[in-house]
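Subject: Structure for you to look at

Hi,

I promised to pass this structure on to you, and here it is. My notes follow below it, for you to read with the coordinates open.

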Amino acid sequence: MHSKNRPCAADVPPAMDAEKAARLAFAHDLPLSRHHFVEGEHPVVRIEHLGKTFTDTPVLRDVNLNVWNGEIVVVLGPSGSGKSTMLRCINLLETPTQGHVLIRDQEITGASGASLSLLRRDLGMVFQQFNLFPHLSAKENVVIGQMKVLKKSRAEAEAEAMRQLAAVGLADRAEFKPPQLSGGQQQRVAIARAVAMHPKVLLFDEPTSALDPELVRDVLAVMRDLALNGDMAMIVVTHEMGFAREVADRVVFMEGGVVVEQGLPNDVFDHPKEARTKEFLGSIG
Amino acid sequence: MGANASSREGGPGPRALGILLACVTLLGALVGCSSLSSPGGSVSEASGPSEGYVLVNPGKLTVVSDLANPPFDYFDTGSAVPVGFEVDLMQAVAQKMGLTCEYLPPQKFDSIIPMIKQGGRADVGASNFTITDERLQEIDFTDAYIDSNQGVVTSADVADAVAADYRGALDTPEATLAVQAGSTGEAWAQENLPDATIVSLDDPIAALTGVQSGLYTAAVADLPVMEYEVKNSYTALRVALQVPTGEQYGIVVSKSNPGLTAALNEALEQCQEDGTMDALKAKWFGSSDSSSIATASTAGEASVDSSGMGTVAVSKATARPNESGGDGVIGGQNTRLTWEGTVYVDSGVSSVRLTLPAGASFDGSSTRITVLDGLSRQSVSGTATPEGNVLNVSFGKPVANGSLLRLEVTDMRFAPAGGDSVVSGSYVTGEGATGTLEDSSPIATIGLTPLQSAVNWLDGQPWVAAWNSVPFLNMFFKPQLLATSFAALLPGWLLCLLIVTAAYPFAIVLGLLFALLKISRHRPLRALASVYINVLRGTPLFLQIYVAFFGLPMLGVNIDNTVLGIIVMALNSSAYQAEIYRAGIQSIPTGQYEAAASLGMSRLQTMLWIILPQTVRRVIPTVTSDFITSYKDTSLLSSVGVMELMMFSKNLTTTTGNITPYIAAAVFYLIVTLPLIRVVGIVERRLSDAEHGLEARPLASDGQGSTGPSAPAGDARAADAPLSPLTPHTHDDGGVNDAQ
């Protein structure tokens, strides 16, 4: 499944053979992550030579990254570094201009229609602006994807929705419409909505950036809970250093559209190898 | 000259201005006067309304016409200058009065009499106005300047059938007759072809267009106009029938301006005497040969009996509908009886005696006598003597053998109980012998209706009389007419509602379809939608109605008028709604599409379950406004003869010469639009509240450990209170919120 949308496909090698890629990735990532690697496992997300150019402005240039089952990856970097674009390329909300993204060894770049929808089921997403459906109650926000996409019965979907709303502490707000909820509550509903679909990977796009500081805590608590008790991989683009240090299996630092440095949280935070990482951590520290 | 100038002179303005004005007026009068000796033209005589006449514009005879009656008054092709027999005549008359003649822009025929009556804009109306008793109650007429008749025009292929038996061919509900609103043709059709569908249009040319396109079966209008048009423009049509009404045209003048009527009569007489009239008639009509055309009321065979006594063949007895706002003939109140008979008596007929069943009354009536030889009017005078249910009419000289005698008895009454009335009677020949008139065909009359008794009651109230004595109140809010209007307009109102409510569901579906095409990813579909939307939004609905109603029949597509009206309204509204929906869809933030996509929804699912439900809420106010517009726009369908609210009110205004029916129509429109306008406001406020989280909240359990076990639950509510002025206890005052 090769991308039809890549204008410069010739510049980029085709997606690697899955076995070979998995072996290389395993060797590469083993020292960089707290993830409990299992011999022979394949990465759940494989990003190869990913590039994205908006009109004339290159935002991503040759990003390579693997994410493993259940792994918590926190992506850091200054604004404009391309981290959100990278995240949005994973579920094809942005169309990459080069490279490949593979979900469980299936290429999503270039997919469309039903096959794209199918691949997206494995990828949940939490947005900076929540993007709840304002015409639906909190519960219906969580129910609708289960019923329309997973074809669950209403009873099943509602039971699951109430479980997930309870898990984010909002069972008593199930019938509220989004505009009646605070930003923090909306974001927790959005997390419940994504989790209820039981994806393999949850993508968090700066989930706390639009929140008032006093509301950030509850959202981070929910995310921490998910990271520690859930079995989903999480790719979290955030500026929350404390969260990254505490929860991440691996920290990825991006700048200028490339991955500058990645590794265990303590290694990256305490002993950054790259000058640009140091500078970034110093500036926010 | 006249009131305007003098009132200005009397005003507080500087004296110099007054003098200047007087000079200019005098100069204008001198320039306008080609013959200073002509009566009524001198400045001194026209100085005050008591001794002369008042003009709207000093020195000018301001004429109003519909300018749609070739060859009487019309615009020549591509020209904006009125031409025609009447135009020439008015110029000649004005000249003889020492005035210049100026035409106002064309006015609708049925608005001319009210305009002259109200005054202030035009001095006279000249637009083929037949002198009738009804009109004489509203305005004055000058002496007649030309005789006329009515003509029935059909397409050539049915002309023979109509000529052979016009009642059989036209007096059925399937036949649609186009007439000019307020014309004698309309009155003739209503009285003589009661079963036909009669469509009142603004001008006779529209009627002919409709007949040519197949929309209408026939058009009834002034014979000279019909003959001229059939010869020059509508060559596929034929004058199938001429109706000898023996009517005469006069110039319409306000009752409050009798000096002008007198001056006009004098000028008309001069035109008659100096040959101007004959010259103009020769110029515009030449010698018309209408002998080949069948005549409507030619009374079958003339059976002359052996006694030499002869006979009078009764060809017609009809009554004018006098039900306020309806078309029934009510007994016990004034109406007009029209009786026609053809004289087949060698010595002529010197008197006629008409008898109605007991209970009817001719007392207080006046009788108009018309005698026609073929189509030409004969001058016959006579006196009518009413005696209860009997009317004696004796003629100054006997009505000649072979001529048609018409008696129009105004302000007579049928028996109050209603029922069929037969006109019988007798006649006296020129030699003094007495013969018996055949019984006429029966005239159906009805008893008093509740509505009519209400109107009659209003007629008798002093406060109604006082109210009506104020011209403004009488013209716009006449109580009797309001009562009858509400009853008479009801069917039109219901049709409006039917059209718009039937059209709207289709408009919504079509609008949604074209909105989706417009935002489609496929260029041809987008182009198709753009063309559809732009053409329908970029052209007037009025034009679309004309294209559909006159165009489709030409293609042989004949759709019921109401159904076609629904279709046109639906198509037009759908284009506007497509834009509303498109804008609504595009106003939904991209985040909504992304959230749906991230859940794995397809484009169709996203549209169906996420985007459209939000769009619908957002567009409800705009779509409701569009509904209001569409509802009001159904009025345009009156122009093509759909019997909706506007059509009914127009017809009623035509027959009454009063604006009140329009006010009643306004009430009918407002009954629907005002609540809807209010609904729009409420919905807009609700939506705005909802977007700001202000709408009534569902019951939320108030803590007490009912929430899930998860870590943040306990302190979340306190820290996480929504940014809303309402307390969490909203449900306590839920009633207040519900009322929003």
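How are H4(A) and H5(A) oriented to each other? Before I answer, please keep in mind that this is a predicted model. Two packed helices are described by the angle between their axes and the distance between the axes. Helix H4 of chain A covers residues 138-148 and helix H5 of chain A covers residues 154-167; they pack at an angle of about 130°, and their axes are 8 Å apart. Angles from 65 to 115 degrees count as roughly perpendicular and those over 145 as roughly antiparallel, so H4(A) and H5(A) are oblique to each other. Their crossing is right-handed.

On the H4(A) side, the contact is made by Ala138(A), Lys139(A), Glu140(A), Val142(A), Val143(A), Gln146(A) and Met147(A). H5(A) contributes Arg154(A), Glu156(A), Ala157(A), Glu158(A), Glu160(A), Ala161(A), Met162(A) and Leu165(A). Sorted by class, the contact between H4(A) and H5(A) has eight nonpolar residues, six charged ones and one polar one.

Chain A also has an open sheet of four strands, in the order E2-E1-E4-E5, with antiparallel pairing. Strands E2 (57-67) and E5 (106-107) of chain A stand at the edges; each has a single partner strand, so one side of each has no neighbour in the sheet. Further in, strand E1 (residues 45-54) and strand E4 (residues 98-103) of chain A form an antiparallel pair over five bridges. If you want a place to start there, Ile47(A) has Val101(A) as its bridge partner in E4(A).

Now for some backbone details. Most residues other than glycine have a negative phi, and most peptide bonds are trans. His49(A), in strand E1 of chain A, has a positive phi, near 50°. With a relative accessible area of 25%, His49(A) is partly exposed.

Chain B has a residue of this kind too: the phi of Asp411(B) is positive, near 65°. Asp411(B) lies in strand E22 (residues 404-412) of chain B, and it is partly exposed, at a relative accessible area of 28%.

Also in chain B, Pro70(B) and Pro71(B) are joined by a cis peptide bond, with omega about 0°. You will find Pro71(B) in the loop between strand E2 (68-69) and strand E3 (73-75) of chain B.

Best wishes

Methods
Residues numbered from 1 in each chain as written. Chains lettered and ligands numbered in written order. Predicted model: local features only at pLDDT ≥ 70, side-chain atom pairs only at ≥ 80, totals over all residues. Heavy atoms only, no water. Axes fitted to C-alpha atoms, helices over the stretch in contact; angles between N-to-C directions. Helix = DSSP H or I, 4+ residues; strand = E, 2+ residues; numbered from the N terminus. Parallel < 35°, antiparallel > 145°, perpendicular 65-115°, else oblique. Left-handed = near helix turned anticlockwise from the far one by under 90°. Contact = heavy atoms within 4.5 Å. Nonpolar A, V, L, I, M, F, W, Y, C, P; charged D, E, K, R; others polar. Pairing = 2+ DSSP bridges. Buried < 20%, exposed > 50% of the residue type's maximum accessible area, 1.4 Å probe, protein only.
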